[in-house]
Amino acid sequence: MKISTKALISLLGLGLAVLAHTNCLDKVGLHKTEEGLNRALVTYGVSRGLNGVISVVQGTEVAIEPVGIGMTFTPGQILDPINDLIERFSTIVLISGTAFGIQRVFLEITSTTGFSVFVSFVTILALVLMWFGRAKFSRWQNPAYKIAIICIIVRFSVPVMAIAGEKFYQVFLAPQFETSSQQLLVTTEQLENIQQQAEPSSGPTNGESQKSLLESARELYRSATNSLNVRQHLDDFKAVAENISEHAIRLVVVFIFQTIILPLASIWLILKTLKWVALKKPSPRDQPLLGSNQSKLL
């Protein structure tokens, strides 16, 4: 191995050993993980709130008496499939929040002082063997290199995954998340307004039992108007249902991408790298050098 190559590897190894103790990368990774966890918790609260509003709207009955004919109408039942969708959506968000929590635990484990000291020790030992390893220590060089590389990958993979995942979210997913989350909040308010408009007005009090002919005519007109607005209530609920479905599915895509697809792809890449390092054989170019050193000693 050339002197320049050894010097470059040494600088890189020493830099990683120092970085393992400064915890600068870990602090950034922890901050990004906290942002994702808070985002998941807020979205879970919004989904559960929307689920509660839909449940209330489903049970609301609208009593209409056009021209004295009694009718009971329950327009909120049209939201029953949407309620099931929101329940499943909240489950996915809860799983995503749990994934962020697990990522935080792994980040805290790999950033402990004991593990950082071990990584630094193994790295420096591998560098010493690379520079000063003699023939009698040649058999320990390759295992030392492998252990050092594996420890470095394990030490820095979690914070790098956290930072990369959050950067991916900010570049590709943040606009979609913010728009859909805001729209779900607006939809919740719309449902509450529609539910209040659909509620029947309270009956007359004892002091209002005697009504004038004009008041009776006005109530009859309002009742007939409400009966004509039944179709409007159905159209409103259908529009809300379509809106909820679209934005809930968009948010599902956001959380699945950030907490399932990207971590699984990263873990697969890490495992492939670890397997390649563990199974990699010594370079054939080193064999003659070792052999010549051994022959000189003999």
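Predicted model: local features only at pLDDT ≥ 70, side-chain atom pairs only at ≥ 80, totals over all residues.
Residues are numbered from 1 along each chain as its sequence is written, and side-chain values use heavy atoms, with hydrogens and water left out.

**Exercise 1. The whole chain**

Find how many helices and strands the protein chain has, and the pattern they follow.

Solution. Start with the elements: the protein chain has eight helices and two strands. Helices (H or I, at least four residues) and strands (E, at least two) are DSSP runs, numbered from the N terminus. Next, read along the sequence, where the pattern is α-α-β-β-α-α-α-α-α-α. Then look at burial: 34% of the 298 residues count as buried. Here buried means under 20% relative accessible area, exposed means over 50%, and partly exposed is in between, with a 1.4 Å probe and protein chains only. Last, take the contacts between residues at least 6 apart in sequence: 86% of them join residues at least 24 apart. A contact means heavy atoms within 4.5 Å.

**Exercise 2. Helices H1 and H4**

Work out how H1 and H4 are placed relative to each other.

Solution. H1 and H4 pack at about 165 degrees, with their axes 9 Å apart. The axes are lines fitted to C-alpha atoms, for helices over the stretch in contact, and angles run from 0 to 180 degrees between N-to-C directions. H1 is therefore roughly antiparallel to H4. The cut-offs are under 35 degrees for roughly parallel, over 145 for roughly antiparallel, 65 to 115 for roughly perpendicular, and oblique for the rest.

Now for the handedness: H1 passes H4 in a left-handed crossing. A crossing is left-handed if the near helix is turned anticlockwise from the far one by less than a right angle, and right-handed if clockwise. On the H1 side, the contact residues include Ile3, Gly13 and His21, and on the H4 side they include Ser116, Thr123 and Trp131. By class, this contact has 11 nonpolar, six polar and one charged residues. Ala, Val, Leu, Ile, Met, Phe, Trp, Tyr, Cys and Pro count as nonpolar, Asp, Glu, Lys and Arg as charged, and the others, Gly among them, as polar.

**Exercise 3. Helices H2 and H3**

Solution. H2 passes H3 in a left-handed crossing. The contact of H2 with H3 has 13 nonpolar, 13 polar and seven charged residues.

**Exercise 4. Two threonines**

Is threonine 110 buried or exposed, and which residues does threonine 110 contact?

Solution. Threonine 110 sits in helix H3. With a relative accessible area of 7%, threonine 110 is buried. Its side chain reaches the backbone oxygen of leucine 107 at 3.2 Å. Leaving aside neighbours within four places in sequence, threonine 110 contacts Phe115, Ser116, Val154, Arg155 and Val158.

Now try threonine 123, in helix H4 (residues 113-132). Threonine 123 counts as buried at 5% relative accessibility. Leaving aside neighbours within four places in sequence, its contacts are Gly13, Ala148 and Ile152.

**Exercise 5. A loop residue**

What is the phi of asparagine 23?

Solution. Asparagine 23 is in the loop between helix H1 (3-22) and H2. Most residues other than glycine have a negative phi. The phi of asparagine 23 is near 60 degrees, a positive value in a residue other than glycine. Asparagine 23 is partly exposed, with a relative accessible area of 24%.

Key
Polar contact = N/O pair within 3.5 Å; in protein donor to acceptor, adjacent residues only side chain to side chain.
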